[in-house]
Each structure stands twice: as C-alpha cells, then as structure tokens.
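We will go stop by stop.

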Amino acid sequence: MEGKRIYSLWRLLPDDMLADVLRRAAPRDLAVSRCVCRAWRALVDDRRLLRADLLPLSLAGLFIDYSGLPYTNFLARPSSANTTTPYQLPCTSVVDHCNGLVLTYHGVLNPATGGWTPFPGPPPPPRVPGTDRFLYDMYLAFDPTTESSHYEVFVIPIIPPWFGRRRPSAKLNEDEDDAEEYPGSAEWPPSPYRLSVFSSRTGQWDERKFVRENEAAGTAADVEEEPLKAKRKAVCWRGALYVHCQMDIIMRISLSDNKYRVIKPPRDLNMSEYRALHLGKSEKGVYSASLEGREHRLRVWLLHESPQDSKTKWILKHDTGRGLTVPSLNLDQPAYHGPWIFDGGCCDNHGGSNDEAQQNQIVGWNSDDDEALPFQTPQVDDRNTDTNHRYVSIEILGFHPFREIVFLHRSWSRGLAYHLNSSRLEDLGNVCPKDDTLFYEELGYIECAFPYTPCLMAEFSQQYLEFSDDED
Amino acid sequence: MAAPESGDGNNGAARMVTLISSDNTRFEVEAAAASLSQTLQLTILDGGGGGGDGIPLPNVDSATLSKVLEYCIKHAPAAANGGAPNATAVDRAELERFDNEFVNIDQSVLYSLIMAAHNLEIEGLQSLVAKKVADMIKGKSPMEIRRTLGFPDPTPEEQAEMNAHMLEYGWAYE
C-alpha cells in the first residue's frame with residue numbers, strides 16, 4: 001500500500017509546511033486533524049488555526065418578519081440581549097438565513113460583521129423554457145465549517161396559481177399569447193433543471209444545469225391547483241442544499257456536482273388535515289414538522305439518508321398524539337414578562353419593548369444549557385381558545401439548530417419552545433413587535449422566522465452602512 | 001512571450017539559465033521560468049546561471065527538479081503578464097486543468113514537491129501542493145487520515161487519546 005511506504009515522509013514534514021497545509025483545511029477538517037496525533041494537535045492549537053469562535057455554532061435569537069412591517073425584527077435570547085443587539089439588522093425583509101448570513105432581495109448581509117455584498121442586478125427570470133412568467137423563491141447556501149467562506153444563492157421557480165389557465169393579460173398582447181408555456185404534462189421538477197445561481201466567488205448571476213438523479217415528483221399540472229403557501233424553507237447540510245418545494249417535496253441540490261434528488265414528503269402525512277410542512281435543521285440533521293387540526297397535533301420527522309445508495313426515508317421522531325397542551329395566556333394583556341427580548345431593525349427603535357421592566361425580567365433561557373435551568377412552566381390549558389373563547393392559532397416558527405426544540409408562536413403574540421425529548425413547552429414571551437393594534441386585531445401575521453446563528457467568517461465586498469448611505 | 005530579462009544583451013532569443021540538481025543533472029531553462037522561484041530570482045538578476053556556470057541546487061533531486069520546472073514553464077507566461085489581468089478565461093481554465101493534473105501524482109512525489117517548492121520559494125506551487133494535501137484529508141475521520149497518510153495504527157493508549165479529543169469539537173463529527 002502506497003501509504004505504508006511513505007509513512008516516514010509525512011511525519012517528517014516540517015511544522016511550517018504542515019501548518020501551510022492545515023491552514024487551507026476547512027474548520028471541520030481542522031477539528032478532526034487535532035485528533036490525528038499529538039504533533040498535529042499541538043500545531044493546530046499553538047498556531048490557533050482552528051477558530052471555532054468565528055463559526056455559527058450558537059443560537060442568538062430569531063429573525064421574525066411580519067406582514068405589514070417593512071423591516072425584520074430580532075427576538076434575542078436573554079444572554080445575548082443584555083445590551084443593545086450588536087447585530088447589523090437589514091432594513092428590508094429577510095428572505096432566507098443560512099449559518100449566520102442573511103439573504104435579502106438586494107444582496108447578502110452578515111449581521112455580525114456588517115459585511116454586505118449587493119447583487120449586480122435582480123436575479124434573471126427562471127431559465128427553464130416556458131417558465132419566464134413563473135414566480136420564484138431565493139435560498140442561500142453557506143457552510144463555513146465544511147466548505148470555504150464563499151456562499152451561493154439559488155433561485156427556484158414556483159409554478160403560479162394561474163398556471164395552465166389562459167391569463168386575461170395574455171389577450172392584451174398577441175406575442176405573449178403565442179409564447180409557449182411550460183407543458184402541464186411535462187415532468188416537474190425538470191431535468192436538467194436550469195437555475196440561476198449567484199456565487200460570491202464570481203459576484204455574478206450564472207446559469208447552472210442540475211441533473212435529477214431519481215424520478216420526478218410528478219408533472220407541472222399536479223401543482224396547478226395548489227394555493228400559494230407561506231414561504232418555504234431551505235436547509236444547508238453536509239454539502240447539499242435541501243429546498244422545500246411545491247407538492248411538499250424536498251429538492252436535495254448537491255453543492256459540488258450539479259445533481260439533485262427529489263425527496264418525497266413523509267408518507268404518513270395526512271394531506272387533508274395538515275396546514276403546512278416545515279423544513280428545518282436541528283441536532284441530528286434535516287427535520288420536518290407539521291401541525292395538524294384544531295388540536296395542534298405536532299409531528300416531527302428526521303430525514304435518514306442511506307450512505308450507500310443515497311436513498312432517503314423520513315423517520316417519525318415525535319408525535320404529540322391528540323394535540324399540544326398549550327399554555328393559557330391572556331392575549332388581551334400585553335405580555336411583558338417573557339424572558340426573550342425584542343430588538344428592532346436598523347432603521348429606528350421600532351422594536352419597542354426594550355423597556356427597563358423587561359430588562360429586569362431577564363431569566364435564564366439558555367438553549368445551550370437548558371437542562372441546568374428551571375423551566376418557566378406555563379399554566380396548562382388545552383381548550384385552544386383565549387379568554388374570550390376565540391380560536392387560538394399555533395404555528396411553527398422554526399427549529400433550534402442544535403437542540404431538538406421546535407419554536408412556535410401562538411396567535412402571533414407569544415413565542416413558545418417545545419422540547420421534543422421532554423415534551424415540555426416553554427414560554428418565550430412576547431413575539432409581537434409592539435402592542436400594535438394591527439396585531440391585536442389579528443390583521444398582521446408572521447410571514448417567516450429564521451433562527452439566527454452568528455458567524456464571523458465569509459467574504460464581503462463592502463459594509464452594510466455604506467450601502468445604506470448610498471441608497472439615501 | 002518575451003521574458004523581461006531578454007532585453008539585456010540577448011536580443012530576440014529568451015535568456016537561458018542552467019540549474020544543477022543534487023544528483024548533478026543539468027537543466028537548461030528560460031530565465032523567466034526559473035525566476036518564479038524567489039530564491040533563484042536574485043541570483044538570476046545578478047547574471048548568475050548563464051553560460052557554462054550553473055546554479056547548484058543541493059536539496060533538489062533531478063526527478064523533482066524536472067517536475068518543478070514543468071510547473072514553472074507552464075506558469076511563466078501568466079506570471080510575466082502580472083498574473084490574471086490579461087489572461088483570458090480560456091487561458092485560466094487551461095492553467096487550472098494543468099494544475100489539477102499536475103498534482104494527481106504519487107504521495108512521495110507530492111512530498112518531494114512540497115519540500116522543493118518551499119526551498120525554492122515558488123509561491124504558486126507551494127499553495128497548489130498544500131491545497132492538494134489539504135484535499136486529501138477533507139471529510140475524513142482521524143483514523144482515515146492516518147491511513148491515507150500511512151501513519152501506523154494507533155496504540156490502544158493513542159486510540160483512547162484520539163477518542164477523548166474527538167469529544168471536544170463534537171460538531172465536526174455530525
């Protein structure tokens with residue numbers, strides 16, 4: 001074996017040259033290299049090659065995007081919110097978040113460093129022939145632990161509700177009427193799938209073709225009648241981007257070899273009952289969750305991928321059975337005693353509730369050490385109605401990226417953390433941006449939320465503040 | 001592509017220098033290519049290595065030196081242009097293809113190259129080879145890295161130590 005013959009050589013490699021090699025390794029590989037032998041560990045440690053402190057390994061809070069508000073709010077964990085949030089929040093809506101970077105329609109921002117790269121222009125229209133009038137979603141792929149400090153933005157076409165029908169607007173323009181639309185009987189997603197991708201390496205929107213490795217989810221016509229749902233999520237995990245697409249399939253896009261796979265939704269999902277499938281990353285990998293029926297039955301699945309043939313299977317991880325036991329909270333009272341703290345965006349202090357009373361209420365909700373701390377156990381009430389016996393809605397906000405915890409909100413006003421391992425439900429406090437009548441009259445709603453894991457890596461062309469000034 | 005040195009005296013033809021490997025083999029090469037080595041550049045600027053003289057390289061054997069010069073000759077035109085600015089996308093793609101194939105070699109040659117590139121201070125080559133070795137450990141477990149690089153299997157004591165340290169950065173083993 002080749003390795004045996006040259007054994008003595010690599011062990012003779014002078015420290016400077018070994019350091020030169022390891023300096024080019026990803027943080028994940030550096031962490032592993034520390035365990036190869038004592039000499040390597042000493043080298044990595046002595047030269048501080050591994051900067052785990054820069055990596056997105058802790059949860060700082062949640063970005064919450066409300067309908068009707070032009071900016072994104074930040075709900076912080078108490079330990080990181082003792083002072084004003086040190087993060088540069090975007091002045092516009094957050095479209096996606098991935099490992100510490102935030103995607104907006106104008107560019108990519110690192111809230112922890114203020115680094116900002118604007119897009120050279122809007123993303124080009126969908127590249128698949130016949131889909132130029134389709135809508136699209138954008139997703140961010142960034143994994144500084146296993147890959148480089150570069151990131152990519154994927155534009156995924158959405159089949160619009162009017163697909164397959166003659167659009168009234170088409171009659172106004174003969175040319176458009178003649179334009180050939182994507183055939184309803186054709187496979188969806190197509191293969192090759194031509195997608196617009198922005199790469200931080202090139203600073204450009206480019207077209208890339210992705211070849212499907214397994215069968216299609218169906219035809220374009222199968223998604224025809226599906227109403228537009230809330231923004232679907234994507235997850236970056238082990239060199240792939242998992243994008244929640246229409247028909248509740250997950251597209252697993254390989255970030256290295258221009259291939260993709262279609263992953264069907266959990267088979268035991270009752271399509272008639274559930275409201276929305278929620279995709280997320282948590283402790284053991286890629287998860288999905290659904291809340292079903294008026295009883296709010298919460299089910300959580302973990303995606304298992306066979307290392308041999310990449311076949312995938314959803315494993316039911318948690319099932320609340322008849323429904324979530326929901327805390328009784330008086331929604332008519334401004335909820336100012338939750339442990340989490342609101343912080344507004346960059347534009348002004350619209351977060352509102354950073355008053356002294358709340359600052360003094362800080363108690364330890366510490367996601368990284370939650371076993372050690374007493375829970376604020378809310379009173380139990382399973383009526384799912386508030387004090388005025390109105391129906392109470394519960395929706396999923398997101399997954400804790402490192403613990404098996406699902407964040408929920410109740411009627412857009414209270415944040416809840418559901419611990420899968422103990423089935424305990426915890427009150428996070430107010431998630432309503434201020435005691436805004438818009439929200440108490442239930443006119444506003446939460447469009448999407450992203451668990452935020454700050455990262456001090458990634459390469460950016462400018463600072464966000466400079467960009468903001470330019471715009472003014 | 002004329003090398004910058006070709007102007008002083010040797011009109012038209014590129015200036016040549018001779019390098020002598022540790023096993024006394026003589027290599028005649030364009031000064032522009034040899035000058036990719038920071039170590040050789042000064043000597044060459046001072047007029048060394050020309051005529052009957054050669055520059056002795058006691059730390060580099062002939063097999064390694066011929067490989068090093070293959071790299072230098074390929075990269076010299078782009079380096080003379082000051083790197084990327086004038087290079088077309090095709091030129092860059094061709095260099096990338098060459099680089100990928102160039103390091104697709106036996107580990108012992110790779111080891112000799114990393115030593116020679118460091119010795120001769122050829123920045124591009126140092127980085128190319130170091131990146132290749134870093135790629136060899138990418139995505140592997142500590143045990144797989146040891147086997148890839150031909151380390152002996154750990155003693156039970158070393159194994160216990162490896163296991164203990166693997167707990168320190170649990171996220172790396174997800």
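Stop 1: Select residues 124-163 of chain B. An unreviewed UniProt entry places the feature "domain: SKP1 component dimerisation" there. UniProt positions follow the numbering used here, feature names are shortened, and annotations may be inferred rather than shown by experiment. Over residues 124-163 of chain B, the chain is 72% helix and 0% strand. The end C-alpha atoms of that stretch are 37 Å apart. Helices (H or I, at least four residues) and strands (E, at least two) are DSSP runs, numbered from the N terminus.

**Before you go on.** This is a predicted model, in which local features need pLDDT of at least 70, side-chain atom pairs count only at pLDDT 80 or more, and totals for chains, interfaces and linings use all residues. Residues are numbered from 1 along each chain as its sequence is written, chains are lettered from A and ligands numbered from 1 in the order in which they are written, and side-chain values use heavy atoms, with hydrogens and water left out.

**Stop 2: a sheet in chain A.** Which strands make up the open sheet of 5 strands? In order, they are β3-β4-β5-β6-β29 of chain A, with antiparallel pairing. Two strands pair if DSSP finds at least two bridges between them. Now select β3 and β29 (462-463) of chain A. Both stand at the edges with a single partner strand each, so one side of each has no neighbour in the sheet. Next, select β6 (residues 115-118) of chain A: this strand pairs with β29(A) in the antiparallel sense over 2 bridges. Find A:W116, whose bridge partner in β29(A) is A:Q462.

Stop 3: A cavity is a set of points on a 1 Å grid over the protein atoms alone where a 1.4 Å probe fits but cannot get out; lining residues have an atom within 4 Å of a point. Grid points are joined across faces, edges and corners, and a volume is the space filled by probe spheres set on the points. There are 6 cavities of 30 Å³ or more. β17(A) gives the largest share of the lining, 4 residues.

**Stop 4: the second largest cavity.** Here the space is about 110 Å³. Of the 15 lining residues, A:I156, A:P157, A:H244, A:C245 and A:Q246 are the closest to its centre. β8(A) gives the most to this lining, with 3 residues.

How values were computed: On a 1 Å grid over the protein atoms alone, a cavity is a set of points where a 1.4 Å probe fits but cannot get out, and a pocket is an open set with protein on both sides within 12 Å along at least five of seven lines; lining residues have an atom within 4 Å of a point.
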